[in-house]
Amino acid sequence: MGSLFRSEEMTLCQLFLQSEAAYACVSELGELGLVQFRDLNPDVNAFQRKFVNEVRRCDEMERKLRYLEKEIKKDGIPMLDTGENPEAPQPREMIDLEATFEKLENELREVNQNAEALKRNFLELTELKHILRKTQVFFEEHLCIAADTIGAHYRNPLSFVAGVILRERIPAFERMLWRACRGNVFLRQAEIESPLEDPSSSDQVYKSVFIIFFQGDQLKTRVKKICEGFRATLYPCPEAPADRRQMAMGVTTRIEDLNTVLGQTQDHRHRVLVAAAKNIKNWFVKVRKIKAIYHTLNLFNLDVTQKCLIAECWVPVLDIETIQLALRRGTERSGSSVPPILNRMQTFEDPPTYNRTNKFTKGFQALIDAYGVASYREMNPAPYTIITFPFLFAVMFGDSGHGLLMFLFAGWMVLKEKPLAAQKSDNEIWNIFFAGRYIVFLMGLFSIYTGLIYNDVFSKSLNIFGSYWSSNYNISTLQHSSVLQLNPNSTDFNQTPYPFGMDPIWQLAENKIIFFNSYKMKISIIIGIIHMLFGVSVGLWNYLYFKKIENIFALFIPQVIFLVFLFLYMVILMFIKWVKYGPASDIKYSSYCAPSVLITFINMILFKDTPQVKGCDEWMYAGQGVLQKLLVIIALLCVPWMLIVKPVMIMRSNKRQHYQLNNHGTENGDVEGAPGAAAANPPAPQGGHGEEEEEMSEVWIHQGIHTIEYVLGSVSHTASYLRLWALSLAHAQLSEVLWDMVLRRGLAQEGYVGGIILWAAFAVWAVLTVGILVLMEGLSAFLHTLRLHWVEFQSKFYTGLGYSFTPFSFEIILDTAQATTED
């Protein structure tokens, strides 16, 4: 039970493993996830460790698996995830896995290369087919162009080149030809309607067929260089129509054959990927486990015989027996006859902090650790936060309707947590909500409760028990008067407290905001003082556990006295005022004579008497003035108490130890000057007195800072809890404004048109309610609650200077790898 309120007791252990059993034992410990290994080779380069070759082999296998995964995703093949958690394979199985991955990679690369070559041939034949088809018109025109260009008596025909170019390059290509050839070429082009697949990138590109007519070898060389510069593909094209038709038939036949071969190649590739997709998840798990094991083995040391591995690790004391059973299983699995040895070690190093969590407490523990990981065996605030966090949130978010929306959303996540967790969404906002589903669940539940206390449901009230107020006015007065008053000291009120929450009559009262303002402000102060006192009290358990008795007398007692005699006394005055003053006929006990608690508290601190109201008692109770002066004096005396007592106790303790050290020889019967006296009483090191003075100066400075921080913090922290009052009023007023400005106007409409307007008004109201009042206001209240816990509550006892227990766990490693892959 103690581990619930403070971190687990940890111990440093030394582990001796036979070399042949080390792999299997570490594998069992990885499945268990309860051991944090220390690096015993911090000065050894990562590339010089014993198992670096095995880690490299695992990296290479991971690379091949990522290549397979990429190809599988490219084809849109679903990867089977059975949810299995295969054990780490034995070292001898690495060879089989490597051979399997090597075969798959080579086969897939060969298939891809063949497919790319076939696609390139197919592209070339397709482009040639379009050239043969579209150049027929160009050849019919070139004779006329030639006659117009070089004259009818020129006997040599024009030369030409034909090819294909990207469609977007045509304008620049045409300008370059015109300028470079000075207009002595004739270019014709036609677009290819359907897109063509690029064999390298598999992108769909649009191209155009072109043919260029020119005269002479010089222009031919120039034209070909331009085509090469624009990455145009040139194809042979016969001039005779019969030759073109014959070539087109041959091209069509080859395209059909290529289609058949391509289809078979794609089918074979698909079959290879489908077979790989069935096992790739398990392969990833196996390879990552092997890699994690060898990476952990690299943290170990070898003994002089090179047959035993030595490790040091932090383990929870309660789990030592479980760890030993896991080591025994690993030894049996490896077939080793030498059992492992686990020895506890003594150390002065601070152990890691390990707080056991489950799916319910994990979110609350994460809130605490975000502020700072608890020091070892320090009181853990998480168990108390499970109650106080949603409660303080609900005080600020007190609306049963909004709380119900939050409760239902979180309840859905809780009920569907297994399928939702299996989806492993990469949406960061969703993952934050899902991880804190139990926090949201309790915040919604507590908000329903505080909403019922405030009697606030979407800014309206529930009339469950009826009203305990009744009107004695006649009907005409009620109809013609906008403001009426009810007398609480008459039959208007039945003089009985409302059973639960607020009377719904306050929803109609003009002074509703004034009443709730005073009520919520006082409630905030009361909750804050109790919360801070509880934080100071938790510190007592830290002092008792760590046996810091001087802190109890020098810190805890004066801190409690200071907080109780000043601020808890102010809370007591509030209760006295509530109980003593009311709608009484005697003026001394009526609200007229009720003093202001805040003014009374300020006058108490300033040693001033509260101004007496005519006809009223000067004090709320007998002896109040004397008692208040006494409380303030004692509280002020606590300030030097906190400042001086602890350093003085430390100085006396140091002197006592110094005295015992100097008289150690005499106490053992040695006489000054006798043999062995010098050995028993070694001389003090040089500069020891100066170091002691420097250390005491740090103690005085630290204690002064701590005292000032506590005294001033008691005032500022008490005022900080007024955010409970402010945010609660703001939330209620914003909800009421949204109702009056949107939904109420929709409800005021009549007829068919009124139904349409109501439908639209409700839609707007619902969207604004969820978006602003639930999400934005909820986030604001959450952050303010977080601040109250981190600063006002935890500062009273929590240091948070520890470091987290990070065990060697396959579950953590696989989850981290999965998240990294998705990112």
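This is a predicted model: local features need pLDDT of at least 70, side-chain atom pairs count only at pLDDT 80 or more; totals for chains, interfaces and linings use all residues.
Residues are numbered from 1 along each chain as its sequence is written, and side-chain values use heavy atoms, with hydrogens and water left out.

Me: How many residues of strand β7 are buried?
Reply: Strands (E, at least two residues) and helices (H or I, at least four) are DSSP runs numbered from the N terminus. Buried means under 20% relative accessible area with a 1.4 Å probe, protein chains only. Strand β7 covers residues 207-214 and is largely enclosed by the rest of the structure, because the buried residues number 8 of the 8.

Me: Which residues of β7 point the other way from Lys207, Val209, Ile211 and Phe213?
Reply: In a regular strand the side chains alternate between the two faces of the sheet. In β7, the residues on both sides are buried, and those pointing the other way are Ser208, Phe210, Ile212 and Phe214.

Me: In β7, which residue is the bridge partner of Leu187?
Reply: Two strands pair if DSSP finds at least two bridges between them. Strand β3 (residues 159-166) pairs with β7 in the antiparallel sense over 8 bridges, and there Val164 stands opposite Val209. Strand β4 (residues 186-191) also pairs with β7 in the antiparallel sense, over 6 bridges. For Leu187, the partner in β7 is Ile212.

Me: What is the volume of the largest cavity?
Reply: On a 1 Å grid over the protein atoms alone, a cavity is a set of points where a 1.4 Å probe fits but cannot get out, and lining residues have an atom within 4 Å of a point. Grid points are joined across faces, edges and corners, and a volume is the space filled by probe spheres set on the points. The count comes to 2 cavities of 30 Å³ or more. The space in the largest cavity is about 170 Å³.

Me: Which element gives the largest share of the lining of the second largest cavity?
Reply: This second largest cavity holds about 40 Å³ of space. Its lining includes Asn603, Phe607 and Trp619. The largest share, 3 residues, comes from α20.

Me: Which element gives the most to the lining of the second largest pocket?
Reply: A pocket is an open set with protein on both sides within 12 Å along at least five of seven lines. The second largest pocket has a volume of about 1,900 Å³ and is lined by 40 residues. With 6 residues, the element that gives the most is α17.

Note on methods. Buried means under 20% relative accessible area, exposed over 50%, partly exposed in between (1.4 Å probe, protein chains only).
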